Amino acid sequence: MVPISGLDKKSSLQVIHKHGPCSQPHEEKANIPTHAQILLLDEVRVKSIHSKLAKNLGSVNVMKKDAAANLPAKDGSVVGSGNYIVTMGLGTPKKNLRLIFDTGSDITWTQCQPCLRSCYKQQDPIFSPSSSSTYSNVSCSSAACTSLNSATGNSPGCSSSTCVYGIQYGDSSFSIGFFAKEKLTLTSNVVFDNFLFGCGQNNQGLFGGAAGLLGLGRNKLSFPSQTAIKFKKIFSYCLPSSPSSTGFLKFGNDGLSKSVKFTTLSTISGGESFYGITIIAMSVGGKKLSISASILAAGGAIIDSGTVITRLPPTTYSALRSAFRKQMNQYPMAKPLSILDTCYDFSKYSTVSIPKISLFFEKGVEVPIDARGILFVNSISQVCLAFAGNTNDFDVLIYGNTQQKTLEVVYDGTRRMIGFRTGGCT
C-alpha cells in the first residue's frame, strides 16, 4: 500500500477526449483518426481482449541486459483506442502529465528521459527522473518487481539490479523501462508517496500525445489497489459525451449520489484484472428481447473504459438489430461503416425518433442507454446503430464506452459492486 498525505477527499480530475480540442489544441487534422480508423482500432482492442481471455498468449521475454529489447507482438494486454485522458502530477517538484486512463490495464507508466531507445511524440515535456528528488528505482529482488508478471503478463527483467518492466498492447504499442517509485499528486491536498510506476525508456504506439497510461484494473499494482487505504478501491467516472466536452474521474466515495443503482461485480476466468458484470436482458423500445440469460452469460461479460463499441453475443446482437431495424423502417438505410452494419441516412430529416435501448443487470438494475450511446454518427448521411456482434456466443461480452456516455459509472472494488447513475454527468 502507498503511504498518503493530505486530508482532502474531494479527489476529482477532469476527463477530456484524446482527440478533442481540450487535449491537443494544435493537433494537425491529419493526425486525428477518422471514425472508420477508430472502429478498426477498436476491433484490434476487442480481439486482444478475447485472445487474452482465451489464454492464447505466448510468453514474452523482456530484456535481460538493458532497456533495449523489443517485445514480440503476441502478448495480449489491451489498449490502442483508450480514448480518455486525465492530468496527474509526478515527482518533486511536481510535473503534470496527461495519461490515458484504462480500466482494462493495471500498470501505470509514463515516458521518461533520457529515452534510452525510443519515445513517441507527447504533448507534455517528457518526465525526467534525475530532476526529481523523490524518484527511486525498484530492485530486481523486491516483491513489487515479482508482481509485474501478473500485472503485465510478462516476466520482469533486470538491469544492474534495477527491475525492468515490459508491457505490450493489442495494437503492438508497447512500453519498456525501469520499474520505480515516485511521489504522485492527484490534487493539491492528495499526494501519494512511493507510488509504483513504469518509467518508460522504449515506447512506441498510438497514445494520441498522452504521456502514458493510468491503470485502473483490479491487479495489486493498479492505481485503485495502490491507493486503497485512502480510497477503498472506489472510483467513478463520467465520460465526455462529445470530443469537445469534458467529464470527470473521481476517487473515493465522498459525495456519491444516493441515486446510484448498484449491481454485482464478477471475476472473469483468466481475466482477473477486468471488471466482470452480469447482463441478464436487453430491451428495445420498451420491449425485452426474447433471448435467454444463458446466451448473454455464455462467454462472461466485462465493462471496459477503452473499448468504444459494445460487443454482444451474435445471437443477442441479431435480435437487437432485428428489433431496432423494425422500429426504424421509416428511415432510408445507408451503407455499413466498418463493424457497424445498421446505418441510416438522416440527411432529409430535421428530427428523428429512435427506440430506447436498455441493459438489465442483476439485482433488478436497468440502465437506459442515452441516444448518444445508441447511435454512432459518421455523418448525417451515415448514422449507425452503435453495437456490434462478437464472432461467437462464447466470446466475452464487452460493455463499451459509447454506451456509457452521460452515465456516472461507479466502481467499488472492495464491496465488489458496480453502480450506474443516469444523467450523472450534469
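Buried means under 20% relative accessible area, exposed means over 50%, and partly exposed is whatever falls in between (1.4 Å probe, protein chains only). This is a predicted model, where local features need pLDDT of at least 70, side-chain atom pairs count only at pLDDT 80 or more, and totals for chains, interfaces and linings use all residues. Residues are numbered from 1 along each chain as its sequence is written, and side-chain values use heavy atoms, with hydrogens and water left out.

**Exercise 1.** Work out which strands pair with E13 and whether E13 is buried or exposed.

*Solution.* Start with the terms: strands (E, at least two residues) and helices (H or I, at least four) are DSSP runs, numbered from the N terminus. Two strands pair if DSSP finds at least two bridges between them.

Step 1: strand E2 (residues 11-17) is joined to E13 by 5 bridges, and the two run antiparallel. Look for Val15, which sits opposite Gly247 in E13.

Step 2: strand E12 (residues 234-238) also runs antiparallel to E13, with 4 bridges between them. Here Ser236 has Lys250 as its bridge partner.

Step 3: of the 5 residues of E13 (residues 247-251), 4 are buried, so the strand is largely enclosed by the rest of the structure.

**Exercise 2.** Find the disulfide partner of Cys238 and describe the link.

*Solution.* A disulfide is a pair of cysteine sulfur atoms within 2.5 Å.

Step 1: Cys238 is joined to Cys425, with S to S at 1.9 Å.

Step 2: the torsion about this S-S bond is about 120°, so the disulfide is right-handed.

Step 3: Cys238 belongs to strand E12 and Cys425 to the segment after strand E30 (417-421), so the pair ties together parts 187 residues apart in sequence.

Step 4: Cys238 is buried at 2% relative accessible area, while Cys425 is partly exposed at 28%.
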